[in-house]
Amino acid sequence: MDKLQLLLLLALALFAIGLLGVVIRRNLLVMLMCMELMLNAANLSLVTLARQTDTSAGAVLVFLVFVVAAAEIAIAIPIVLLLVRRRHTLDADAYADLKG
Amino acid sequence: MNRHGFSWLDIAVALAPENLLLLGIVAILAVEILAPKPRGALVVAFSALALATVAALVLWAGGVVAEPFPGEFTVEPGASLAKAVVLALTLPVLLLARDEFPQSGPFHVLLLSSLYGVCLMLSADSFLTLFLGLEMLSLPVYVLVLLAFRRPESLEAALKYLVLGGAATATFLLGVSLLYGGTGTMSLAAFTVALSVHDPMATAAVVLVLVAFFLKAAVVPFHAWAPDAYEGATVPVTAYMAVVVKAGVLLAVLRLFGEAPLPGPIVDLVAVLPLLSIVWGNLAAMRQKSFRRMIAYSSIAHAGYLFYALLGDGPGRYEAVVFYVVAYGLMNLLAFAALPRTADDAARDHLDRFRGMFHRNPFGATMLGIAMLSLAGIPPLPGFVAKFLIFKNVMAAGYTTYAVLGLVGSYLGIYFYLRVIQLMFMSPAEGPAEPRTAVRRAVGTCIVCLVPALLLALFPGAVIGRG
Amino acid sequence: MSDAAWLNVVLFLPVLGTALLLFVPATRESAIRTLTLVAMAAQLVVTGFLYAAFDPATPGLQFATRLPWIPAWGVTYTIGLDGYNVLLVLLTAFLGPLVVAGAFTAVRRDVKLFYCMVLLIQFAMMGAFVAQDLFLFYLFWEAMMIPMFVIIGIWGGERRIYATFKFVLYTAFGSILMLAAMIWLAWSLATPEGALSFAFTDLYQSRLPLSTQVLLLSAFGLSFAIKVPIVPLHTWLPDAHVEAPTAGSVILAGVLLKMGTYGFMKLGFPLFPDATMVLSPLLIALAVVSIVYGACLALVQDDIKKIIAYSSISHLGYVMLGLVCLDLVGVQGAVVQMVSHGLTAAGLFLMVGMIYERCHTRELAAYGGLAKVLPVYSLFFMLLTLASIGLPTTSGFTGEFMVLLGAGTAGWQQYSQGSSFLLASSAVAVTGVVLGAMYMLRFAQGFLFGGERVPHGPVLDLDLREKAILVAIVAAVFWLGLFPAEPLAKTELAAQEYRQLVTTSRLPGNAP
Amino acid sequence: MAHLLTWIVVLPLVGFVLNGLLGNRFGKSFVTVVGCGLPLAAFAAAMACVLDLIAGGAREPLVHVAYTWAVVGDRTFEVAFWLDRLAAVMVLIVTGVGSLIHIYSTGYMHEDRSYARYFAYLNLFLFFMLLLVLGRSLLVLFVGWEGVGLASYLLIGFWFEDAEKARAGKKAFVTNRIGDAGFLLGMFAVFWALGTLDMDKVNAAYMAGPPPAVAASVVGVLLFIGATGKSAQIPLYVWLPDAMAGPTPVSALIHAATMVTAGVYLVARMSGVYMHAEFASSVVAVIGVATAFFAATIAVVQNDIKKVLAYSTVSQLGLMFVAAGVGAYGVAIFHVYTHAFFKACLFLGAGSVIHALSGEQDIRRMGGLAKRIPVTFVTFAVATAAIAGIPPLAGFFSKDEILWYAFASGKGGSPLLWAVAAATALLTAFYMFRLLWLTFFGRSRMSHEVEHHVHESPLSMTAVLTILAALSAIGGFLALPHWLEMQLPLPPVPDALHHFEWPLLVVSVVIAASGLLGAWYFFGNDAARAQRVHAKGLHRLLSAKYYVDECYERWLGRPLVWVSDRLFLNVGDRMLLDGTLNGLARLAQRGAGVLSRIQTGSLHRYVLFVLAGSAVLLLWSIGRV
């Protein structure tokens, strides 16, 4: 069980935690943070595997992921702001009008 | 070719469609910033889009093959045709948007950038470009859904779409990383290699990537966001999501799978879930009150049909998906174009308002009727020929049981399509006639959608078997 | 113009009519009506010429047009007249103008849409009859469903929505199975280098193992059986007929039901001969059950349209018996019975429409003693009732007699070889003749004779238009009843080819 | 001369068309001229053809092929006409008696409003009857067969305002159709066995050469089922008594002289088949004699003048079938010939009585009419004597021959058969003279104003009555069986029985006389004795016609309706078929409801779907690797 395998397991664990966080946590902001966690878990695994396969493509992808994560949050925050302004609560289950 | 390994000429020519889109985006932004009273965004966007479509068609017709960024981005006739199709399908969306977003700069910029993402994805050779294209396609759409913020639901819709889009991206990345770990390269060929090799990590990688695309294409059980997102967004954005985003995702999946035959477990994966979504989509659509929500479930079912095409053997797949996308896309756009214009966007598509529409707006009702019939797959309309093509391929590849089950699933869908026609034609209800101007504007969009579709239906031979 | 081109003219005249109709403003109803009538009449005239020019001696297709359509799938646009469809094409063309003329006073709302639908369904039905390519046939076969859906749905009675959806979902289910079977059939016949063909002539050379043949025949058969309708699959017919407007019922009974039997004759049995042989006892039983079950139900209906609807099931049971007994006289009888039922059912529905326009009720008990009040109407009604019973000198007799003669002869043939099943079933089928007399005379009895009851006060007898329609139908009924020699000669070769195709086994193993 | 055959058939058709379309517009005189003229022309043409036949030595039949109906494969169906000795007799009866009855009808139906329609239907009947008689193939015969069924339906229900009469018409048609079903099966057997329906070829095939594939008895029995329907034999006789609802001349023409004898003609025409069908012939004989006796017993207690004659016709037909059953086809036709005359005369006489009593038909309210309507009385008396078998009238000759062959025929004749036939003859004499006494003698039991209006019928009616009475008187002397012998051979009589011929002749005369005396004794003069006969239980059974109609209704009519309505319609269609369909539709709707309820709108549930979905997929696909 060399160092890289360990790191890979850590990445998978982080990913699982992130996903569970989105599923369980009520608070919208925490859900967004968990999504970030999932992305970073993917980054970690990318970097580990780049090191393992001794190629740089994985590392390049990590930068792209940072850019995309930033853009995503840039969109998510205004949505959350607008939602909160209407319903004055951060609880995700308050926003369940669209159903059926 | 200069020392960096790419030639300026290649970039200019091969990337013509993308460049033209970029030009359009820049022009709109310039007008937005500089002009005191910004207008003309539609004209610029429309012309940029039209030129890009023409460029893509020229590249396809010319059979141009180029690798402006070797290993990352290649241009070949197949990709060019896909781009041309996707860009062409967006033209009616622009026409549709003339009511909600009359000269609104942001809408058109977001639309063009989303299209840029699609073009990137369709020519991607490596997961880097594919990832970039996928995200560039999705992010603008989250905002587009948000643009209808006069309606509270659009916020909730955008949120759900974003969260699930994010989950898809994360899964995609994890899958890519595992693939990358397994094969050491980021090129798409790694996926086809992983398909055939029988080791758990490779299969897990393939499954994760597939889940990402299932999420994007809204296949059951990853479809939950679609009905809410479609209902929350304004009509043109819903049309864009239902037609262009879905087409782009499916064409990308097609590029991913290439012409490799599917191994056992993956076949069941690619067959069972689409079959489930055909049945689920067609059944759930029966009870919908809102037109857009019904179209959402219908598009879930159609995503099922599109994924079915993957069951067919290699070369036939591409042709089937492109034909289906065109036929399905045009008819969906025709349906949206024929929707009655009302001030309040939400009430606009409430199915009860469809009662007796034939008496109020005969042209619109007929167009909507034709669109519904085609989506139901009833000959002699294009929907039937497209469905025939897909099921022919599936059966030719030997999966007869899946084909029969798929056909029976599509039978379930006939009811709710005909219910719309029943509401419009057979349940008389009074109401003011549709304002002349609105009808005249709809006529243009409808003709643009209807004529090519009917030509496709009457002379499929011209397109099929040629590619 | 070469003869073949004229068949295309016949086929596309209704489309031309619809195109012209689109330009006529919806308010000028009389212009719409005359334009549609002219289109239909033109189609009838040209079909008449083609029928006359149809040479009974030459086998195979006449007036054929073959154009490549979708080369990749081996689909060609092939249409042509042959023994199978020459009479049915004539029947469709003949009923066209009658339907349009019949609906002049009946349809008041959305007249333009109505006549577009009538023209489109005429186009689809004509197409299905003349198509000689399976894909083209399927296209027209399903395209028929939509105009009928609209006609029943918009101009129908109170439960029209339920009736029209029941009709569409029933036929659509059949068609979906047929689509699957069609694809499977075409691809199982694909040559190694992938060349496909949907043309009937190639499909008749198909060599399939028995199990595939049975499976495909049941898929095709189910779709055709729904349309015929054969008993267990018939419950859509009474609702569709009762709720449909007069014109809808006439088209439905006059031509649409023949689509099922034509399908069996052209595509069902000849394509899968061995399966037909294996399933023939079941098919015979179903045919006979249809005859008796339909007649019994017609006996206890109190809605006049339902009586005719159930009688249609019984009459088409004869056609199926004729087709399945594989005796030449029986097959010819089946073809004649198809045309004869088309005429009598269309006539009876038109007459029910005429009385419904005057008295607005379909309750048999509400009527009585019409013979005194409406003498001309009652004369035509009695003539059509007698044709429907199959009284000699009418087309009904020609059809029923030849079918029963064919079934009886085949029955005795098999009896001499040991199996008395067909003989017994043809004996039961003959009771259909008696039941037919019972329910039709009960209908005529309650309608024409006895005490005078005319709902909604004094009513006018038939006007010139209505008389012209009925005279045309009665003339055709007696032409087919007294002088069937000429039309039978035209279908002779087709009947012989059908018998030859169905009786020669085409399993992969044995000799061609 | 042969093409004249077609004209015999076509002339009445022209009459039907003219009267049918133009009758109302051109008034009664036009209708009378066309209505009676064309049948007479047909009679003339028939006479010409028959004379031409006899001139040619009556060995070669006149054959004329009108046109080819249909050609299928190697089989052709032709509409051809065939005149041989048998057909000659029948065509003369049909056109002759037919024309007379047409002339009679001009008087009887004079005041009726739809005068033209009546003559149109009557001519239509003649057309179909001639088609039946002259047809060469079973197909043409069948066309005529069902055609006369139609004509009788139209004429029975002529006064259709009265629902009862219309229902009688329907009953006649349906019962005939049941017989026709058997007839059709017989035709199919013949067609398969011999490939042709031409009766001459069929007879020839059964007479000579290798026996055809279908046994003669099978064909015989099937064709006889058709005959029982048309000629009102057990079990399909129920329609004839109800057919009296039609106008009386119709009863005379259709239900006495011509149509009902079609069955006998069929058996005689197919004699080639029946000769080689012992079983079928015995069936014919047995059913014939049973019907004869059965109907005679009922006729004894009937009180409606026309019902008595109707049951008498059923009984006489039974006797004709007895003759045909024992192989004496010539004799059967001879009885048809004589029966046509006296039964037509009786019916027309009854018509004249009803006409005189302005519609009264119940003989219990008649009596003492002899002096008031003398001509009708005389002709009725002659006809009654004829039918009772009083020598030297026509009835005696034909009935005696039947009794003789019933006893002595080598092909099935037996003393028992003779005994039952003789009993029938006795009953016939009894009820006919009962009718005569009650109608024309004794105190007049008529109500006052009916009695006041009694008047003799106009000349057109009485003239026809006298002609028919004359014919039924002298008709017997025509040795018809002998003339037909060449074509319909008489059965061989075993030598031992030859000497019985004369004693039996005497016995039949005694029977006729005793019938007369019995009737006179009971009903002769005072009414007291008549009452005693009513008391017995047997009388109640007979007058209720053995409850046959009620049984049919309970065991056939009502169960059919019950099965169709309860079983097929409600259980089959509504519950089973529609039930499953609507059930499936509800299931789909409920499924749709469930699916849309899963979509609760909460974001967490959506992401949970994604988590669960991807987890399942991963485990499943990795597991499968």
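**Close-up 1. Helices α4 and α11 of chain B, packed against each other in this predicted model.** Here α4(B), residues 77-96, meets α11(B), residues 235-257, at an angle of about 175°. Their axes sit 9 Å apart. With angles over 145 counting as roughly antiparallel, α4(B) and α11(B) are therefore roughly antiparallel to each other.

**Close-up 2. Who touches whom between α4(B) and α11(B).** On the α4(B) side, look for Ala79(B), Ala82(B), Val86(B), Leu89(B), Thr90(B), Val93(B) and Leu96(B). Facing them from α11(B) are Pro236(B), Ala239(B), Tyr240(B), Val243(B), Val244(B), Leu251(B) and Arg255(B). Sorted by class, that's 12 nonpolar residues, 1 polar and 1 charged.

**Close-up 3. Where chain A meets chain B.** The contact involves 37 residues of chain A and 37 residues of chain B. Together the two chains bury about 3300 Å², with 83% of that on carbon and sulfur atoms. Keep an eye on Ile75(A), Ile79(A) and Leu98(A): this trio supplies 20% of the area that chain A buries against chain B, more than any other three residues.

**Close-up 4. Polar links and the chain A side of the interface.** On chain A, helices α1 (3-24), α2 (28-53) and α3 (57-87) each bring at least two residues to the side touching chain B. α3(A) gives the most, with 15 residues. By class, this side of chain A has 27 nonpolar, 6 polar and 4 charged residues.

Note on methods
Residues are numbered from 1 along each chain as its sequence is written. Chains are lettered from A and ligands numbered from 1 in the order in which they are written. This is a predicted model: local features need pLDDT of at least 70, side-chain atom pairs count only at pLDDT 80 or more; totals for chains, interfaces and linings use all residues. Side-chain values use heavy atoms; hydrogens and water are left out. Axes are lines fitted to C-alpha atoms, for helices over the stretch in contact, and angles run from 0 to 180 degrees between N-to-C directions. Helices (H or I, at least four residues) and strands (E, at least two) are DSSP runs, numbered from the N terminus. Angles under 35 degrees count as roughly parallel, over 145 as roughly antiparallel, 65 to 115 as roughly perpendicular and the rest as oblique. Contact means heavy atoms within 4.5 Å. Ala, Val, Leu, Ile, Met, Phe, Trp, Tyr, Cys and Pro count as nonpolar, Asp, Glu, Lys and Arg as charged, and the others, Gly among them, as polar. Buried area is the accessible area (1.4 Å probe) that two parts lose on being put together, summed over both. A polar contact is a pair of N or O atoms within 3.5 Å; within protein, one must be able to donate a hydrogen and the other to accept it, and residues adjacent in sequence count only if both atoms are side-chain atoms.
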